[in-house]
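Please have the sequence and the model open as you read.

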Amino acid sequence: IGALADWPDLSALDDLMQIVQTEELRCQVIALRSALRLMQNNPLPDRQKVQRAKQALPAGSRIEEKQRILSFLSQIKTLRSLTAAAGCLAEEDSSLRSAAAVAVARIALPDDTHPGLTGVYVATVLTDALNALPDETLQQQVRDYLATLPPTAEPVTKTPPDGFTALFNSKDLTGWQGVLLPPYDNPLRRA
């Protein structure tokens with residue numbers, strides 16, 4: 001594992017990720033840290049970085065390693081990384097929840113190089129993360145950013161124009177009938 005840990009390019013990444021998911025704790029920690037270093041120091045599309053980090057999250061058996069993965073994700077400002085970090089907001093461990101909230105805030109908030117993420121999903125995740133943020137300054141930044149986002153829209157129920165009947169009542173499938181399997185289906189009657 002020592003040779004893989006010091007590997008200079010991405011060719012060792014698959015092997016390191018395999019060790020992260022299967023080996024003993026000591027090897028897991030070394031492999032995970034090396035994999036994160038390789039992904040950070042070599043050109044790899046953000047989508048693949050997030051995918052690898054998501055693979056490693058459940059495999060990380062120690063809180064410290066999951067926090068390290070969340071810190072790595074916080075540098076990738078995409079909806080995929082936001083979704084991956086948001087998955088840890090429901091963790092029982094308060095330090096992991098805090099790390100996830102910080103990652104969510106860093107991903108979503110604007111900075112010098114990124115305008116910030118927007119949308120209803122982003123607003124929902126930031127709102128969920130707000131109470132878990134350990135820093136009052138970061139909480140205020142999130143509140144200020146949430147104030148700039150468009151309000152979350154309530155679902156719009158549309159009424160059909162005069163002379164038309166709605167096909168769906170927006171609640172259940174009352175009045176709907178699926179295509180029946182033979183011998184109960186009658187294509188002539190359906191037409």
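Let us start at the surface: the protein chain exposes about 12400 Å², and carbon and sulfur atoms supply 53% of that area. Bear in mind that this is a predicted model. Of the 191 residues in the chain, 37% are buried.

Among contacts between residues at least 6 apart in sequence, 63% join residues at least 24 apart.

**The core and helix α7**

The largest nonpolar core has 46 residues, and L70 and V104 are those with the most contacts inside it. At least two residues of this core come from each of α3 (25–41), α4 (46–59), α5, α6, α7, α8 and α9. Helix α7 gives the most, with 10 residues. As a general background, nonpolar side chains in soluble globular proteins tend to be buried together.

The buried residues of α7 are L96, A99, A100, A101, V102, A103, V104, A105, I107 and A108. Which helices do the buried residues of α7 pack against? They pack against α5 (63–73), α6 (79–86), α8 (120–130) and α9 (136–148).

Not counting residues up to four places away in sequence, V104 touches L82, A85, A86, L89, V125, L126 and A129.

**Two residues side by side**

Is S81 buried or exposed? S81, which is found in helix α6, counts as buried because its relative accessibility is 0%, with buried meaning under 20%. Leaving aside neighbours within four places in sequence, S81 is in contact with V50, L73, I76 and I107; I107 is one of the buried residues of α7.

L173 sits in the loop between α9 and α10 (187–190). At 59% relative accessibility, L173 counts as exposed, since the cut-off for that class is over 50%.

| Residue | Relative accessibility | Class |
|---|---|---|
| S81 | 0% | buried |
| L173 | 59% | exposed |

**Back to the surface**

Together with L167, F168 and W176, L173 makes a nonpolar surface patch of about 500 Å².

Key:
Residues numbered from 1 in each chain as written. Predicted model: local features only at pLDDT ≥ 70, side-chain atom pairs only at ≥ 80, totals over all residues. Heavy atoms only, no water. Buried < 20%, exposed > 50% of the residue type's maximum accessible area, 1.4 Å probe, protein only. Helix = DSSP H or I, 4+ residues; strand = E, 2+ residues; numbered from the N terminus. Contact = heavy atoms within 4.5 Å. Core = buried A, V, L, I, M, F, W, Y, C linked by side-chain atoms within 4.5 Å. Areas by Shrake-Rupley, 256 points an atom, 1.4 Å probe, with all protein chains shown as cover. Patch = residues over 30% accessible without salt bridge, like charges linked within 9 Å, V, L, I, M, F, W, Y side chains within 5 Å. Salt bridge = Lys/Arg side-chain N within 4 Å of Asp/Glu carboxyl O.
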